[in-house]
Amino acid sequence: MTPVVVTGIGVVAPTGIGLDAYWAATLRGEDGIRRVQAFDPARYPTRRAGEVTGFEAGDHLPSRLIPQTDRMTQFALAAADWAVADAGIDLDSVPSLARGVVTAGASGGFGFGQRELQHLWGESPKKVSAYMSFAWFYAVNTGQISIRHGMNGPTGVFVGEQAGGLDALAHAGRQIRAGAQLMISGGMDCSLCPYGMAAQLAGGRLTADAYLPFDDRASGHLPGEGGALLTLESAEGARARGRRPYGEIAGFGATFDPRPGSGRPPTLRRAVEQALADAGADPEEIAVVFADGAGVPELDASEAEALTAVFGVGGVPVTVPKTATGRLYSGAGPLDVVAALLTLRDGIAPPTVNVTRVPDAYGLDLVVGRPRPVSGTAALVLARGHHGFNSAMVVRAPAPAEAIAGSGRKVAA
């Protein structure tokens, strides 16, 4: 099959805006979780989250777009701009029907929707923005990016909660193999508003304490906002342009758990095995696993069981850097893919912050406290969504032959 590679990255995260800032903070183990500032969380049991700070939409986007868009879409548009610029590609050189967008969305523009509903009920229907017709929609990021960059080729959106971000990347890769020249893909979510917090609390998995996956104190997760968008193209296309990619989207697997009470086991292990088979990789080739890390004891135990079944007890380093950002829903998987590619590039895995008490029963070699040197050419990223979605993705470092002599490109960490 045509190898699909990542040539550009745009990141908006609680631990950094832009790729370099995010990666440096992640390796340092900086914690981006703090008391919510977007609204007063005093009446909510969950009062802390991974909030993006320092992002001013007007610094990154035309003023005409700002009243049309939710904060989520502003993140996505900025990240898409950065992913295209990072890829160093002249979009005019690619036919509009050969460039497309596939994103993931879990919640849509909650903040925009809440504000306009308040206008409706508290003031007058005449006060409701006409942009409400689309700004709240979970597919709006795909549409706005497509319009902004003239991407009239394959488009789509995946709604699989946290698993959706990996699903979107995998589908974008399929479009490259089917003939598209360039795809922007990934996920971005932002639901830190009273309406969004209420919806997340209804899911029953938020904690009032700390986000501590695989820790014996785990009691749920803390939410976050942000994510990552990536530029994908074929390895041949990148080589022809003289670009060294960050790495390859090498394999993917997706499964759906049986309904609770059915007596049948969860299927995350099968998703992992599918991804490895799709990549043509043996478990021994995986240098590090970026775990889903639900922070719910029974879900942590299920994920640990799947990993030890495939890799053996303590058979591979496992990390959950999202403990520093909160769970970003559709943005989490793409951001972990970014971290996995940079781990392979730099030979060092970021730590799982705050987690200190990992039960021996889990059988995991969790990277905690500080970054850890790792060696290898492949990494595994896992993501699960509420109600049983499971996705697994294998990424590979670029082959030495993909280094382009004299290209002049430098990608700093």
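The legends below go with several close-up views of one predicted model. Residues are numbered from 1 along each chain as its sequence is written, and side-chain values use heavy atoms, with hydrogens and water left out. Because the model is predicted, local features need pLDDT of at least 70 and side-chain atom pairs count only at pLDDT 80 or more, while totals for chains, interfaces and linings use all residues.

View 1. UniProt lists residues 1–397 as "domain: Ketosynthase family 3 (KS3)", in an unreviewed entry. UniProt positions are given here in the numbering of this model, feature names are shortened, and annotations may be inferred rather than shown by experiment. Over residues 1–397 the chain is 31% helix and 21% strand, and the end C-alpha atoms are 17 Å apart. Helices (H or I, at least four residues) and strands (E, at least two) are DSSP runs, numbered from the N terminus.

**View 2. Cys190 and Cys193.** Start with the two sulfurs: a disulfide is a pair of cysteine sulfur atoms within 2.5 Å. A search of the whole structure finds zero disulfides. For Cys190, the nearest cysteine sulfur is that of Cys193, 7.5 Å away, which is too far for a bond. Cys190 is buried, at 7% relative accessible area, and Cys193 is buried too, at 9%. Here, buried means under 20% relative accessible area, exposed over 50%, and partly exposed in between (1.4 Å probe, protein chains only).

View 3. Look at Arg217 and Asp215, whose side chains meet with N and O 2.8 Å apart. Arg217 is partly exposed at 34%, whereas Asp215 is buried at 2%. Now find Glu233 and Arg241, with their closest N and O atoms 2.6 Å apart. Glu233 is buried at 3%, and Arg241 is partly exposed at 26%.

View 4. Which parts of the chain does the pair of Arg396 and Glu285 tie together? The closest N and O atoms of this salt bridge are 3.6 Å apart. Arg396 lies in strand 16 (residues 389–396) and Glu285 in the loop between helix 9 (268–279) and strand 10 (286–290), so the pair ties together parts that are 111 residues apart in sequence. Arg396 is buried at 17%, and Glu285 is partly exposed at 28%. Elsewhere, Asp292, Glu303, Arg327 and Arg384 are linked in a network of salt bridges.

**View 5. Aromatic rings.** Rings of Phe, Tyr and Trp (its six-membered ring) pair if their centres lie within 6.5 Å; planes under 30 degrees apart count as stacked, over 60 as edge-to-face and the rest as tilted. By this rule there are eight aromatic pairs. Phe39 and Tyr44 form an edge-to-face pair, 5.6 Å centre to centre with 75 degrees between the planes, and both residues are buried. The ring centres of Phe256 and Phe389 are 5.3 Å apart and the planes at 80 degrees, so this pair is edge-to-face. Phe256 in strand 9 (residues 247–256) and Phe389 in strand 16 are 133 residues apart. Phe256 is partly exposed at 48%, as is Phe389 at 28%. Trp136, Phe137 and Tyr138 form one aromatic cluster.

Technical notes. A salt bridge is a side-chain nitrogen of Lys or Arg within 4 Å of a carboxyl oxygen of Asp or Glu.
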